[in-house]
Amino acid sequence: MAKSVLITGCSTGGIGHAAATQLAAKGYNVFATVRSAAKAGDLASAENVTVLELDVREQASVDAALAQVGDVDVLVNNAGFEVWGPLEETTVDDLKDQFETNVYGPFRLILGVLPGMRNRGAGVIVNVSSVAGRVAAPINGLYSASKWALEALSETLKYEISHFGIRVHLIEPGGVETPFGDNRRLVGAGAGEESPYSELISQWEQAGQRLTPDGAAQPDAVAGVIVDAVENGNKFRYPATPDAEFVLTARKAMTDEQFEEAMRQQLGITW
Ligand SMILES: NC(=O)c1ccc[n+]([C@@H]2O[C@H](COP(=O)([O-])OP(=O)(O)OC[C@H]3O[C@@H](n4cnc5c(N)ncnc54)[C@H](OP(=O)(O)O)[C@@H]3O)[C@@H](O)[C@H]2O)c1
């Protein structure tokens, strides 16, 4: 029987949508979940795909989706969003919201599927993190904090559940061309408000272009990395785009001070 895969955040144009498409084409029984069925696009009529509504912030919604799926062989925690603005101009509610979707959401799904995977002695959990889950940068501190938390949970899980035959993997993309940027919550200087941080925002926006001079990666490429993790799973962390590979390789090779200096130079940050 085909293995069942549940993926969160499968709206059109994003990484989850591309992963659902690729896994379905390989014959998996894909449960592509979206907050609103209207955003499922071509997945609604795709072979091997069942579209379900699921909001990771709502326990009842998670429970209802899991009840419809039954046994989940592969969980891909992909849903996420980003608060964008200097830390001083964010609020505690912004931080709570960021964690509700990016940390508590995946955790709800993990708690939901783990007992079944443990009883069956098999399963794969793929958590879509980010290069920002390893390296914090200006302007997206709340997002970074949420992805660092997801990385920590994943690392602990790896120690605890590989014993039961369950694999855990982290996918770490850099820039990817999806609706992610349009879905950001912009705050303070990030929303263009007059601010002591305005100059930093403008320097950081130019830095992004220096990191991906050839443009951001395509969601299909990241989906391919997810498929590789699901099928082969021979490593824990998967830097998933060329800019992520570049930054994370540099990070590993340098002290904190060397890395900050190198990034400032490479990205032209004089702030
Ligand atoms: N694009 C990048 O540059 C990039 C880089 C590194 C990591 N990532 C990570 O990749 C993952 C996918 O992002 P993407 O680039 O494909 O962006 P995206 O197109 O904005 O996809 C995000 C998905 O998450 C869904 N979502 C948001 N809040 C949700 C909630 N409460 N419950 C269920 N689903 C929710 C969105 O649904 P709606 O359409 O309903 O909002 C959307 O389907 C995210 O975890 C993101 O952090 C992206």
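This is a predicted model: local features need pLDDT of at least 70, side-chain atom pairs count only at pLDDT 80 or more; totals for chains, interfaces and linings use all residues.

Visitor: Is Leu-111 buried, partly exposed or exposed?
Guide: Leu-111 sits in helix 3, which covers residues 92-120. Its relative accessibility is 49%, and the exposed class begins only over 50%. Leu-111 therefore counts as partly exposed.

Visitor: Which element gives the largest share of the largest nonpolar core?
Guide: That core has 32 residues, and those touching the most other members are Ile-7, Leu-23, Val-30, Val-76, Ile-171 and Ile-226. Two or more residues each come from strand 1 (4-7), helix 1 (15-25), strand 2 (29-34), strand 4 (74-77), strand 6 (123-128) and helix 6 (219-231). The largest share, 7 residues, is from helix 6.

Visitor: How many residues are in the other core that lies apart from it?
Guide: Members of this other core include Val-113, Met-117, Ile-125 and Leu-157. In soluble globular proteins, nonpolar side chains tend to be buried together. The residue count of this other core is 24.

Visitor: Which residues does Leu-23 contact, leaving aside neighbours within four places in sequence?
Guide: Leu-23 is among the residues of the largest core that touch the most other members. With its sequence neighbours within four places set aside, its contacts are Val-5, Ile-7, Tyr-28, Val-30, Val-227 and Val-230.

Visitor: How far apart in space are Phe-246 and Leu-211, C-alpha to C-alpha?
Guide: Phe-246 lies in helix 7, residues 242-253, and is partly exposed at a relative accessible area of 40%. Not counting residues up to four places away in sequence, Phe-246 touches Leu-211, Met-263 and Gln-266. Phe-246 and Leu-211 are 35 residues apart along the sequence, and their C-alpha separation is 9.0 Å.

Visitor: Where is Glu-193 found?
Guide: Glu-193 has 48% relative accessibility and so counts as partly exposed. Beyond its neighbours within four places in sequence, Glu-193 is in contact with Gly-188 and Ser-198. Its location is the loop between strand 8 (185-186) and helix 5 (198-211).

Visitor: What distance separates the C-alpha atoms of Glu-193 and Asp-94?
Guide: Along the chain, Glu-193 and Asp-94 are 99 residues apart.

Terms used. Residues are numbered from 1 along each chain as its sequence is written. Side-chain values use heavy atoms; hydrogens and water are left out. Helices (H or I, at least four residues) and strands (E, at least two) are DSSP runs, numbered from the N terminus. Buried means under 20% relative accessible area, exposed over 50%, partly exposed in between (1.4 Å probe, protein chains only). A nonpolar core is a set of buried Ala, Val, Leu, Ile, Met, Phe, Trp, Tyr and Cys residues joined through side-chain atoms within 4.5 Å. Contact means heavy atoms within 4.5 Å.
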